[in-house]
Amino acid sequence: MATMSLQAAYDQARSYLEANKVEQAIGVAQHILEHFPESLEAHRILGEAYLAGRQFEQAEAAFARVLRADPEDIPAHVGLGITFERQGKLDHAVAEFEQALEVRPDMPELRSQLLRLYTDIWGSEGATLRLSRPGLARLYAKGHMLPQAIQEYRGVIEEQPERFDARVGLAEALWRNQQEQQAAEVCSEILALRPDVLKANLLLGYIKLASGDPDGERFWRQAQQLDPYQHVARTLFETLPDLPAPDVQIPAWDETLWAERRAREEAERRAAQAAVAAAAVVAVEQEPERLAPAWGPAEEVSVADQGSFDADDLLASLLAMEPPLPTERGVDLDTSSGVVPFSLEDIDGPTQSGAAAPAEPDLEPFSLADLGLSEEEIAQLRAEPEPLSPPPAVALPATLAEAPVEDLAAAEAPPAEPELTPFSLEELGLSPEEIAQLEAAAGEAAAEAPPAEPELTPFSLEELGLSPEEIAQ
């Protein structure tokens with residue numbers, strides 16, 4: 001049987017990708033994983049092929065598999081970010097590009113892509129790159145300011161325990177700062193949660209082997225399965241442990257056999273679909289009554305009725321639609337934005353199931369400020385006109401904005417029957433001369449009147465000597 005090196009298989013898969021032969025690239029990557037199921041390079045190529053074929057769910061799973069073992073892998077972050085963006089998950093895409101930029105802040109391509117995403121989400125005004133705390137920790141580590149890097153990494157882990165890239169960065173910073181015992185403890189904590197983290201296996205295996213502990217070999221072997229050519233190990237250590245490298249020869253990939261097997265699988269898939277469809281038809285013929293609606297035959301609908309729009313029917317159809325939820329609550333739900341699915345029971349409470357409705361909530365008084373009135377409008381409301389008579393006594397609060405609605409209603413209500421006060425002739429707009437004439441005429445009338453009850457006759461304002469303008473006033 002012909003064989004090929006693992007690197008040759010990697011190159012063959014990538015050549016298919018460059019030629020836009022997506023299915024062949026997927027076939028080669030899957031062939032590699034049959035012999036090296038932990039190979040991160042094969043999973044990365046598989047993710048790229050799925051992404052090129054617009055199989056986004058499979059691409060997301062492949063890239064996530066790489067990042068689970070190597071959370072500092074920049075190509076996997078970029079590939080996953082592009083996958084999220086093409087699915088419309090821009091917030092997830094931003095998070096992946098941000099983590100990639102934290103690892104390599106000197107890459108202009110990452111900066112430009114992240115600025116483009118910021119512009120798409122928040123506009124040009126919000127397109128500003130900011131240094132995150134994990135990014136600051138990595139800058140400290142690259143600048144050999146290891147104590148500062150360790151402090152920042154610990155702060156990130158305390159705030160975001162799910163950031164395994166920060167845990168890996170902390171372990172490496174501790175090891176480079178010659179704090180090997182603390183580095184080994186952090187690596188053990190990481191591997192207790194994720195046994196396949198590449199750099200944690202490398203660091204713990206190296207520390208144990210260097211101290212003469214043979215238990216370090218199993219960690220080193222696990223790292224070799226993830227990275228058969230030990231690229232990451234060579235970037236970390238100047239000399240590698242004296243352990244044999246894995247055999248990187250695999251059977252050659254036969255495209256003809258692959259095409260035949262793919263054709264058989266496609267035929268089997270179609271046969272299975274046809275069998276399912278035939279079984280469904282038989283079931284319908286044997287038990288047609290199951291399809292009959294309980295409310296009777298459907299009524300014919302005219303073309304005019306089909307064109308009409310009924311909001312009640314639309315609302316009923318929307319309420320009847322219930323999106324499928326995962327078997328385990330919260331497994332596949334996307335809650336990073338803060339939005340979670342809800343049901344009508346969350347809105348209406350137990351009344352949906354027939355239980356008693358909850359008691360009406362106690363109403364609390366509100367102020368004019370709660371109504372959205374400005375300070376000027378509240379001041380205008382405070383400046384009440386002077387009433388004709390004193391209003392009934394109402395105990396008002398210190399400020400009108402603090403007054404309950406009931407007190408405001410009592411304060412603004414008019415008095416039942418106000419007391420009338422006499423008015424003077426000046427209030428009618430008469431001049432002093434006219435008032436004197438009226439008083440003189442009234443005095444003469446009083447002097448000439450007999451003591452007995454006089455017979456009063458009506459008089460007009462003209463008889464008083466008033467002009468038409470004065471009468472109109």
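1. W175 has a relative accessible area of 14% and is therefore buried, where buried means under 20% relative accessible area, exposed over 50% and partly exposed in between (1.4 Å probe, protein chains only). The model is a predicted one, in which local features need pLDDT of at least 70, side-chain atom pairs count only at pLDDT 80 or more, and totals for chains, interfaces and linings use all residues. Residues are numbered from 1 along each chain as its sequence is written, and side-chain values use heavy atoms, with hydrogens and water left out.

2. Rings of Phe, Tyr and Trp (its six-membered ring) pair if their centres lie within 6.5 Å; planes under 30 degrees apart count as stacked, over 60 as edge-to-face and the rest as tilted. For W175 and Y206, the ring centres are 6.2 Å apart and the planes stand at 85°, so this pair is edge-to-face. The pair links distant parts of the chain, 31 residues apart: W175 belongs to helix α10 (residues 164-176) and Y206 to helix α12 (residues 198-210). Helices (H or I, at least four residues) and strands (E, at least two) are DSSP runs, numbered from the N terminus. Y206, at a relative accessible area of 22%, is partly exposed.

3. How are the rings of W220 and F237 arranged? Their centres lie 5.9 Å apart with the planes at 45°, so the pair is tilted. Here too distant parts of the chain are linked, 17 residues apart: W220 is in helix α13 (residues 216-226), and F237 is in the loop between α14 (231-236) and β2 (249-251). W220 is buried at 0% relative accessibility, and F237 is buried at 4%. One aromatic cluster is formed by W175, Y206, W220 and F237.

4. The ring of F164 has the charged end of R194 over it, 3.9 Å from its centre. R167 also lies over the face of F164, at 5.2 Å from the ring centre. The criterion for a charge over a ring is NZ of Lys or CZ of Arg within 6 Å of the ring centre and within 35 degrees of the ring normal.

5. S39 lies in the loop between α2 (22-35) and α3 (40-52) and is buried, with a relative accessible area of 1%. Its side chain makes a polar contact with the side chain of Y10 at 2.7 Å. A polar contact is a pair of N or O atoms within 3.5 Å; within protein, one must be able to donate a hydrogen and the other to accept it, and residues adjacent in sequence count only if both atoms are side-chain atoms. Leaving aside residues up to four places away in sequence, S39 touches Y10, L33, Q225 and L226, contact meaning heavy atoms within 4.5 Å.
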